[in-house]
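This report looks at the core, the aromatic pairs and the disulfides of one model. The structure comes first.

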Amino acid sequence: MRHYFGFIAGSIICISASAVSADTVGRACISSDRAKSNTRLCKCIQSAADATLTRREQERAAKLFLDPEQSQDLKMSNRRSDEKFWDRYQEFGELAKAFCS
């Protein structure tokens with residue numbers, strides 16, 4: 001019985017920690033000019049980000065929402081890590097387009 005309560009307490013802590021750090025892309029979306037503060041759209045976009053991007057990638061994607069010119073530099077980069085991120089970012093974009101349009 002004690003192990004069961006420990007499991008539940010640990011689960012709540014994990015869920016709370018992820019909820020606190022969530023919505024990076026959604027907040028950037030709301031702050032951007034493109035979304036015109038459409039909260040529903042930005043929540044949908046955040047769901048697509050949660051499904052396709054890691055937390056670190058979401059932080060990076062949020063920067064692209066706030067400064068879209070960075071995406072051109074990223075797209076032209078020869079660094080392997082940038083190429084991998086760009087591929088995942090495009091997957092995120094396709095999913096968001098399919099579900100949020």
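## Nonpolar core

The largest nonpolar core has 19 residues, and Val25, Ile45, Phe65, Tyr89 and Phe92 touch the most other members. Such a core is a set of buried Ala, Val, Leu, Ile, Met, Phe, Trp, Tyr and Cys residues joined through side-chain atoms within 4.5 Å. Buried means under 20% relative accessible area, exposed over 50%, partly exposed in between (1.4 Å probe, protein chains only). Two or more residues each come from α2 (24-31), α3 (39-52), α4 (55-66) and α6 (80-100). Helix α6 gives the most, with six. Helices are DSSP runs (H or I, at least four residues), numbered from the N terminus.

This is a predicted model: local features need pLDDT of at least 70, side-chain atom pairs count only at pLDDT 80 or more, and totals for chains, interfaces and linings use all residues. Residues are numbered from 1 along each chain as its sequence is written, and side-chain values use heavy atoms, leaving out hydrogens and water.

## Aromatic pairs

There are three aromatic pairs (Phe, Tyr and six-membered Trp ring centres within 6.5 Å; planes under 30 degrees apart are stacked, over 60 edge-to-face, the rest tilted). Tyr89 and Phe92 form a tilted pair, 5.6 Å centre to centre with 55° between the planes. Both are buried. Ring pairs link Phe85, Trp86, Tyr89 and Phe92 into a cluster.

## Disulfides

The structure holds two disulfides (cysteine sulfur atoms within 2.5 Å). Cys29 and Cys42 are bonded at 2.1 Å. Cys29 lies in α2 and Cys42 in α3, so the bond ties together parts 13 residues apart in sequence.

Cys44 joins Cys100 at 2.0 Å. This pair links helix α3 to helix α6, 56 residues apart. Cys44 is partly exposed at 23% relative accessibility; Cys100 is buried at 16%.
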